[in-house]
Structure formats: structure tokens, C-alpha cells
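I opened the model to see how the chains hold together. My notes follow in the order I looked things up.

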Amino acid sequence: MLESLEQTITQFRLGMEAGANHSMISFIDSFLAAFKSGKFSAEVQEVQPLLQEILSAQERGDYLFAADLLEYQIAPIIRR
Amino acid sequence: MDNTVFQTNQTILKERWPKIWQEMTSAPVPEEVQLAIDLPEATLIINGIHITGCCNQMGEAKLQSELVPEESRTATVYGFGLGDLQRVLLERETIEELTVVIMNPGVAYQSLLHFVHADWLGDKRVELIVGHETETVQFPFAAAPGCLKLADDRAATIKDQVYLELARPFQKEQFEKRSDELDKRLEENLSYIKQDGDVAHLFGTLHGRPAVVVAGGPTALQQFEWLHQCRQDVYVVATSTALIPLQQAGINPDAVIIIDPRPRNTLAFEKADQTELKDVPLVYLPTVSSQVLDIWKGPRVAAYIHLERFVRQAKQIDRGFLFCSGTVTHAAVDLAVRMGANRIYLVGADFCFPDSKSHMDGAMQKIDVNEFQGFAHPWVLNGYGQRVWSRTNLVGYLRDLELYISHNERVQFVNLGKDGAQIAGADWMEDLEDA
């Protein structure tokens, strides 16, 4: 999960949109799988609005903002 | 706004690049401009797009600069940004020339208003150009993604080319995932290649007769009445996606071409009226489904495209090559050119989603474009100068076709269907005197 997250962040910052969108799907899939297995249940209140904001940024093509949210808000939660 | 910062920026620009300065000051002001200073690091947010990240701009710039190899003496930066990417590259003593391409003069002007740029603008190694002055990506390069996203219409071609280059590593990775499967398919179809015709035998057979390439784009249906009227005067090459809608409109092509290996084409070909196609050659790439080849009752003609597996195969079984960088439309156009057409009409070569449709009604390969909602999509300009949303691969196909057209000056290309993408090098039908 962390690997796909870091890949997404790097690709967004480099402007590699196609790769980043693909990596983002991998990350979301991994995160949801982890959540379903019981991980991150304490953090879901924190993560859900962030993911909404990231998806919204992705939708409008605001990739550097999406990268910031992923790197400085989501990644620390995942690493905890 | 810090007037000193702006004045200093202005002085250098006016002195070194007066024409660019002029363009910047007369460029349209973006609709929404926000100077975001309540963030860890200040940045500009223009039309909802952050020009840079706002947490570690220098770290971000260093990452972006890694696309330029350390030993490079020249480099190009696509996007003005806030200047950090330029600074990081100029720190390298190896850099002798740095070209900075302004993707949107109006956006760059906003950056000049609020952020220091005089340091890097004053560096003698820097050359500044505007996006519409260049159509070819210069290597090595790095890009400011926020500025790419905000490129203006005039910089559309170079923007697309940069995006295509940035997408190459991902495309290569995706392509390699299917490589074993396609190698196996080629092996399975060897018996077909051996017994079937060679596309090279079709080359030169049109002797200057005009041809119509019918691709599967949504605007194709609008041209069928015209095609009915001139049917006897033109040679019609149909892509696999266009076959069923053409037949439903009572038009049978002179040749059909298929490259797509996916099984969905079998269904499409099963619906075709084979009695009308018994003399129509099917030009195929040998990685297509063998079921499609079995269904076809007319002559079959094998062709290769310039990929390693086919170059390798050609050493065993020689067949003609067609140009194709991913879409059957390319191969169809090249077929018509190689056959000797003097004018090629492009029908349904839309490379975008007019009316949010992927293909013309009746095409079996139609997809639900709503699947792509949720991702920011690239755009192309249609025949009316309007932006129409598209996909990265379609934009890539469009730009590659434009490059192909520029290399085939003896052929006139005519584009029908102004709701689809403008194709540089192709005249609009309405603009022809002898249409």
C-alpha cells in the first residue's frame, strides 16, 4: 500500500497523469482491503474527508494539491 | 502585491524578451486567481489548479529536475511555475542552456506579479519562448504540472506532446504486461499468415484515386449521406469499428482493416453481412483473434506494424508494414497512402468524445465514457475552436497522425466532421473549393 501511495505521489508531482491515476487506483484498492480487514477503523473519520478532497483535486486535475494531501496528510496516517 | 518584486521582474523581461513581455501583458487574465499565503509555502491557485505544491516546493522542484540527467548541458522546462524548477537546474554547473517554455502567458504574468523571478530570468543561460512557438518536445526536459494543466489553446500541441512523453513509461509498462499474450497469439496465427495474402500487394493499386478512411468516431454517421453520393468515385477503407454502422447504412467498404486483438471484435464481425464482403479484403494484424479471421469470408491480407515482435516475424514470413502507433485509424490511413490515393477523406477520425460519445451509434466497440468521469481529462479543439474532452491515448493518436500527415505532403488530407478534433495538416471539407 505504501509503495503504491509513494508511486502515486511521485507521478503526480512529475506530471505523469496516466501512471499516477493508475497507481491511485492501486492505492485505494489496497487501502479499502486493509480497512475491510479491520485496519484503520480508528482513523476512518480522519481519512474519509481527506480522500474526498483528494479525489476532488484529481477530478479537476489539481495534481500537485492531491500529491500534498497524499504525502503530508494520508501517508503519516498510513505509517502510524 | 509586492511592487518591488514585480518591477524587478518586469525590468528584466522587458529588456531581454520584449515581445514575450508584450504577449504576457496582453494575455487574458485567468478567471480565478488566488494567491494562497495561508499555506506552509505560498503558491498561486489558478482556475482551481495549484501552480506548485505548498509544503516543500524546493523538494518538489528537485524531484522534477531528476528527469534531466545530471550530465546534461542543455535542458527544457515546460511551464513557468514559480521559478524553483529553473533555479534547481541552473544550480548545475553542467547546464549551458536552459529553455523555459511558457505554456500560458496569462498564468505566467500572474506569477510575475507576486513571486521573485529576476534571479533566474537574469541568468544568461536562460532562453524564454512561448508554447505556441514550438510543436516538438525537446529532450531532456522537465515539466511544471500545474502549468501544463493550465496551458492555453495555442499551446495545445506542445502540451499534448509533453504529456505523451511523460506517459511513455506507464504505457511501456502496460504494453509489456500483454507482451507474452500477444507473442502467443502471433504464434497461434502463423498458419493464417502463411496462407493469406500480403498487404504489400495492395500498395500502389489506387493510382491516384481518392480514398475515404472511415474510423469509428461519433461524427462518422453525419457523413454517410455524402459517402453514398460519391461512393463510386472513392475507395473506402473501413476500420473494424466502422464496419457494422457502414453496412447498416447500406455502404459496403472496399477494404476493412483490424488490429485490435480483443475478443469483442468477434461479436462485431459475426454481425457483419459476409455475403456483401466476399470480395472485400480484410487487412489484419496477426495478433487479432483467429475467430475473426475464421468468420471473414473474403480474402485475408496480413500486415505488420513496427513493433519488435513483427519485425522479428518478418524475418520468417515477409509481409508489408503499415504505420500505427496504437489506433487502427493510423493503419487505415497508411494503407490508403501506400495504395496511392492522392486525396484521403477522414471520416469519424474524432480523437475525442463529441456529445460524450466514444464511437458512432451502431459500433459494437462503443464504450461508456462515463467510466472516465472522476479523472481530469485532456481536451482537444474541434472544428469550431471549442474544447472537447478526450483521453490521453486518443490525444496521442491525434498528434502522431498529425506528424504522419506532415511527412506525406504529396497526399491531400480532408477532415469531415467539425465536431471532432482539428487535425493539423488536414483541410476541412467545407474549406475545399472542389469538395
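**Entry 1: a histidine in a loop**

I started at a polar contact of 3.1 Å between the side chains of His132(B) and Arg154(B). A polar contact here is a pair of N or O atoms within 3.5 Å; within protein, one must be able to donate a hydrogen and the other to accept it, and residues adjacent in sequence count only if both atoms are side-chain atoms. This is a predicted model: local features need pLDDT of at least 70, side-chain atom pairs count only at pLDDT 80 or more, and totals for chains, interfaces and linings use all residues. Residues are numbered from 1 along each chain as its sequence is written, chains are lettered from A and ligands numbered from 1 in the order in which they are written, and side-chain values use heavy atoms, with hydrogens and water left out.

I placed His132(B) in the loop between β6 (126-130) and β7 (141-143) of chain B. Helices (H or I, at least four residues) and strands (E, at least two) are DSSP runs, numbered from the N terminus. Leaving aside neighbours within four places in sequence, I found His132(B) in contact with Glu23(B), Arg154(B) and Ala155(B). Contact means heavy atoms within 4.5 Å.

**Entry 2: where chain A meets chain B**

I next checked the interface. Chain A gives 22 residues to the contact and chain B gives 26 residues. The two chains bury about 2,200 Å² between them, 65% of it on carbon and sulfur atoms. Buried area is the accessible area (1.4 Å probe) that two parts lose on being put together, summed over both. Arg13(A), Leu14(A) and Leu64(A) supply 25% of the area that chain A buries against chain B, more than any other three residues.

How many salt bridges cross the interface of chain A and chain B? I found two, taking a salt bridge as a side-chain nitrogen of Lys or Arg within 4 Å of a carboxyl oxygen of Asp or Glu. Arg13(A) pairs with Glu60(B), with the closest N and O atoms 2.6 Å apart. Lys149(B) pairs with Glu17(A) at 3.1 Å, N to O. This second pair runs from helix α7 (residues 145-149) of chain B to helix α2 of chain A. Both Lys149(B) and Glu17(A) are buried.

**Entry 3: salt bridges within chain B**

I then looked at Glu70(B) and Arg92(B), which form a salt bridge at 3.9 Å, N to O. They sit in two loops of chain B, 22 residues apart. Glu70(B) counts as exposed because its relative accessible area is 57%. Arg92(B) counts as buried, at 10% relative accessibility.

Glu165(B) and Arg168(B) form another salt bridge, with N and O 3.1 Å apart. Both lie in helix α8 (residues 156-177) of chain B, about one turn of the helix apart.

**Entry 4: the core**

Last, I checked the largest nonpolar core. It has 95 residues, and Val214(B), Leu227(B) and Phe269(B) touch the most other members. A nonpolar core is a set of buried Ala, Val, Leu, Ile, Met, Phe, Trp, Tyr and Cys residues joined through side-chain atoms within 4.5 Å. Helix α16 (residues 328-339) of chain B gives this core its largest share, eight residues.

Methods:
Buried < 20%, exposed > 50% of the residue type's maximum accessible area, 1.4 Å probe, protein only.
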